[in-house]
Amino acid sequence: MPEVTARFAEIVGTANLLSGTEVNEDYGHDECLTCPPRKPASVAKPGTTAEVAALLSTATELGVPVTARGSGSGLSGAARPREDGLLISFERMNAVLEIDTANQVAVVQPGVTLAELDERTAETGLAYTVYPGELSASVGGNVGTNAGGMRAVKYGVTRNNVLGLEAVLPSGEIIRTGGKNAKISSGYDLTQLIIGSEGTLALVTEVTVKLHPRLAHAATLLAPFTDLDEVMRAVPRILAAGLTPNILEYIDNLTMAAITYTEQLSLGVPDEIRDRTQAYLVVGLENRDGERLDGDVERAGELLGELGATDVYVLDGGSARKLIEAREKAFWTAKAAGADDVIDVVVPRSEMPGFLARARELATAAGAGVVGCGHAGDGNVHLGVFCPDPDKRHRLLHEIFAAGMAAGGAISGEHGIGQAKKDHFLALEDPAKLALLRRLKQAFDPAGILNPGVLFD
């Protein structure tokens with residue numbers, strides 16, 4: 001390995017190439033709960049696209065497996081490196097290259113965090129609207145997993161907000177896909193193919209993202225329900241009413257109790273209502289005009305009452321912000337509570353009540369527990385799974401994933417497959433589709449150096 005390490009050091013400089021005891025433990029894992037850390041043979045921190053290209057062409061020549069890393073906030077093990085491999089960390093490629101207000105786009109390097117991009121775009125009155133719950137996450141990592149978040153119900157997930165990419169193939173060739181154009185119909189859409197590919201096809205070195213105006217007025221409604229199914233049935237009615245919520249989340253009573261306790265939240269819900277509540281619906285509304293927002297809040301409150309909410313609370317700004325922040329930290333709350341895994345099955349909105357009931361039945365039969373919350377507006381169910389026995393948990397997860405797919409859904413809505421869910425993915429997915437995906441992988445990466453063990457064996 002010293003000769004291999006020396007080759008990589010020639011490209012990025014000895015100060016930006018770590019090996020052996022120099023490699024910090026943080027580089028060996030992401031936030032996946034079931035993927036033990038693995039320290040890579042070396043870590044390269046390139047500063048330019050040319051350096052990334054040279055690293056990849058050299059890795060292909062030497063047969064060294066390569067894993068890309070942004071902030072390491074992923075939940076599927078896709079940023080977990082190989083022990084004999086090279087980890088390419090994009091921490092130095094963290095510049096906001098351009099904010100183009102005329103075209104309402106930003107051009108950024110992959111290591112830029114969502115917090116950094118939000119700070120820069122705020123100066124222009126625009127915003128990048130993908131908020132997957134961890135503002136330290138990098139834009140490049142979001143592209144790799146097609147991250148979503150609470151605001152996806154209105155603005156969509158990462159793939160709906162990325163217009164173009166610069167990416168490096170394993171051969172070292174540099175390609176550009178898309179651009180600042182609002183639409184393109186010229187050949188295959190390589191931008192969308194690379195988004196969500198979890199670092200298995202190419203490494204992204206520049207991202208052109210869509211920006212939206214920041215709306216000045218916002219309100220958050222909290223509606224407790226005595227029946228979880230009523231919450232799920234209320235969702236399509238709210239969306240059909242034309243209110244266009246930017247947040248539409250369900251939180252079950254156990255999760256709400258945990259996050260309010262952890263974050264010391266006081267939401268004004270009386271004990272007698274809280275004790276009867278099975279789940280809450282959180283509705284976020286925004287508008288450029290305050291009076292119009294007031295009208296939307298009034299209509300939403302009336303509608304929620306008609307749909308079975310025991311009451312409706314319009315949270316003050318501080319409480320609303322703290323609740324949303326607490327909901328975004330639900331993964332950490334579940335982890336602190338001892339969850340053995342966290343999954344994010346997605347199903348059509350109309351199938352959510354049936355799927356949640358089936359997941360609870362399967363967990364009960366396995367002597368396990370599932371609790372959680374989710375993006376009710378887009379059918380993405382986040383469940384904390386409490387099942388310490390790994391064999392029982394594997395069977396339970398397989399049954400839950402199968403139930404989601406039988407309902408017309410998919411194993412993951414935004415976390416990705418990575419290494420954690422690969423076995424379930426390969427066993428449950430359509431064999432013809434898997435064969436096509438393998439051929440695409442072979443076309444992009446014939447040497448098989450990019451993230452081996454992610455998505456495929």
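## A walk through the salt bridges

The structure holds 18 salt bridges, and since this is a predicted model, it is worth looking at a few of them one at a time.

Let's begin in helix H9, which covers residues 271–276. Here the side chains of Arg-274 and Asp-271 form a salt bridge, with an N to O distance of 2.2 Å. The two residues lie three apart in the helix, so about one helical turn separates them. Arg-274 is partly exposed, with a relative accessible area of 40%, and Asp-271 is partly exposed too, at 46%.

Next, turn to Glu-306 and Arg-299. These residues are also joined by a salt bridge, and their closest N and O atoms are 3.9 Å apart; a pair counts as a salt bridge within 4 Å, so this one qualifies. Glu-306 is exposed, with a relative accessible area of 54%, whereas Arg-299 is partly exposed at 34%.

Now follow the chain to Lys-422 and Asp-457, whose side chains meet in a salt bridge at 3.5 Å, N to O. This pair links distant parts of the chain: Lys-422 belongs to helix H15 (residues 422–428), while Asp-457 sits in the segment after helix H16 (431–444), 35 residues away. The partners also have contrasting surroundings. Lys-422 is buried, with a relative accessible area of 14%, but Asp-457 is exposed, with a value of 70%.

Our last stop goes beyond single pairs.

Key:
Residues are numbered from 1 along each chain as its sequence is written. This is a predicted model: local features need pLDDT of at least 70, side-chain atom pairs count only at pLDDT 80 or more; totals for chains, interfaces and linings use all residues. Side-chain values use heavy atoms; hydrogens and water are left out. Helices (H or I, at least four residues) and strands (E, at least two) are DSSP runs, numbered from the N terminus. Buried means under 20% relative accessible area, exposed over 50%, partly exposed in between (1.4 Å probe, protein chains only).
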